[in-house]
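Hi,

Here is the structure I promised to send over. My notes on what turned up in it follow below.

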Amino acid sequence: MTTTDLQALARNDRYLREFVEALRMCPYAKTCRETGKLHRRVLRSRAAAVPAIAEVEALPESEVEVALLIFPDDPVDGEASARSFEAFCAGVRDDVQAQHGGDPPFYCVAFHPDLPRDLLDANRAVRFIRRSPDPTLQLVRASTLRSVRGENAGGSRCVDVSRLSLEEALALVSPLTLAERITQANLATLRREGPDRVEALLTSLRRHDP
């Protein structure tokens, strides 16, 4: 593992501990990390993404709930780079879905240090929360997402939230009961802590190219 790889992992550690966990933006992230179900890889090019996802998919389901693919060499020079990375993520998602006939084992979401600060409502604020130190693809297990979606299928349903990470909830496509509670709580936290203070924290955690 190179120095660049170690530095990227160290930045990600700080992001998870000092932002996501410390501010409880992700009430289940600590459990996911401490139980060893968070899998991380540092990739040096976008071309490595799809093969890396295939390797993650091959891991035992009991060992991985969330995977983070970190790209320390990808551009971080403004919102244009963030839009480019989100488009890249969409392409990767399409490729993986096609490989699995539209039913992949993981759902893919983009994190990037230059995602916009838009706190107009809770759903828009999710992108601000996804300001990671380096461009990152987050993979969340689709079976867990389906179990959460089932909560709105009618009737009374119970979800074992001890099995969920907030990353999984934030990756949901549609607003759901659990997701709404989490995103509303996160927006309240951002407003309570102060958006400027939170932005300063995220800036201090991000990669700064020479």
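F71 is buried, and F88 is buried as well; "buried" here is under 20% relative accessible area, "exposed" is over 50%, and "partly exposed" is in between (1.4 Å probe, protein chains only). The rings of F71 and F88 have centres 5.8 Å apart and planes at 85°, so this pair is edge-to-face. Rings of Phe, Tyr and Trp (its six-membered ring) pair if their centres lie within 6.5 Å, with planes under 30 degrees apart called stacked, over 60 edge-to-face, and the rest tilted. Helices (H or I, at least four residues) and strands (E, at least two) are DSSP runs, numbered from the N terminus.

Before going on, the ground rules: this is a predicted model, where local features need pLDDT of at least 70 and side-chain atom pairs count only at pLDDT 80 or more, while totals for chains, interfaces and linings use all residues. Residues are numbered from 1 along each chain as its sequence is written, and side-chain values use heavy atoms, with hydrogens and water left out.

Back to the rings. The whole structure has 4 aromatic pairs. F71 and F85 make an edge-to-face pair too, because their ring centres are 5.7 Å apart and their planes at 70°. Here F71 sits in the loop between β2 (66–70) and α4 (79–99), and F85 in helix α4, 14 residues apart. F71 and F85 are both buried. F71, F85 and F88 form one aromatic cluster.

Next, the nonpolar cores. A core is a set of buried Ala, Val, Leu, Ile, Met, Phe, Trp, Tyr and Cys residues joined through side-chain atoms within 4.5 Å. The largest has 25 residues, and Y15, F19, V20, L190 and V198 have the most contacts inside it. At least two residues of this core come from each of α1, α2 (29–34), β2, β3, α5, α8 (177–193) and α9. Another core lies apart from it, with 19 residues, including A52, V56, A110 and L137.

Which residues of helix α5 (residues 122–129) are buried? They are A122, A125, V126, F128 and I129. Seen down the axis of α5, these buried residues fall within an arc of 160°, so they line one face of the helix; the arc is taken over the directions from the helix axis to the C-beta atoms. At the start of α5, a side-chain oxygen of D121 comes to within 3.1 Å of the backbone nitrogen of N123.

On to charges. I count a salt bridge when a side-chain nitrogen of Lys or Arg is within 4 Å of a carboxyl oxygen of Asp or Glu, and the whole structure has 18 of them.

- D114 and R206 meet in a salt bridge, 2.9 Å from N to O. The pair links distant parts of the chain, 92 residues apart, with D114 in the loop between β3 (106–111) and α5, and R206 in the segment after α9 (195–205). Both residues, D114 and R206, are buried.
- R14 and E18 form a salt bridge with their closest N and O atoms 2.8 Å apart. Both lie in helix α1 (residues 3–21), 4 residues apart, about one turn of the helix. R14 is partly exposed at 36% relative accessibility, and E18 is partly exposed at 33%.
- R124 and D118 form a salt bridge, closest N and O atoms 2.8 Å apart. R124 is partly exposed at 41%, as is D118 at 24%.
- R117, R131, D196 and E199 are linked in a network of salt bridges.

R131 is in the loop between α5 and β4 (136–141) and counts as buried because its relative accessibility is 12%. Leaving aside neighbours within four places in sequence, R131 is in contact (heavy atoms within 4.5 Å) with Y15, H112, P113, L115, P116, R117, E199 and L202. R131 and Y15 are 116 residues apart in sequence, but 9.2 Å apart in space, C-alpha to C-alpha.

Most residues other than glycine have a negative phi. R24 is exposed, at 55% relative accessible area.

Cheers

Notes
A polar contact is a pair of N or O atoms within 3.5 Å; within protein, one must be able to donate a hydrogen and the other to accept it, and residues adjacent in sequence count only if both atoms are side-chain atoms.
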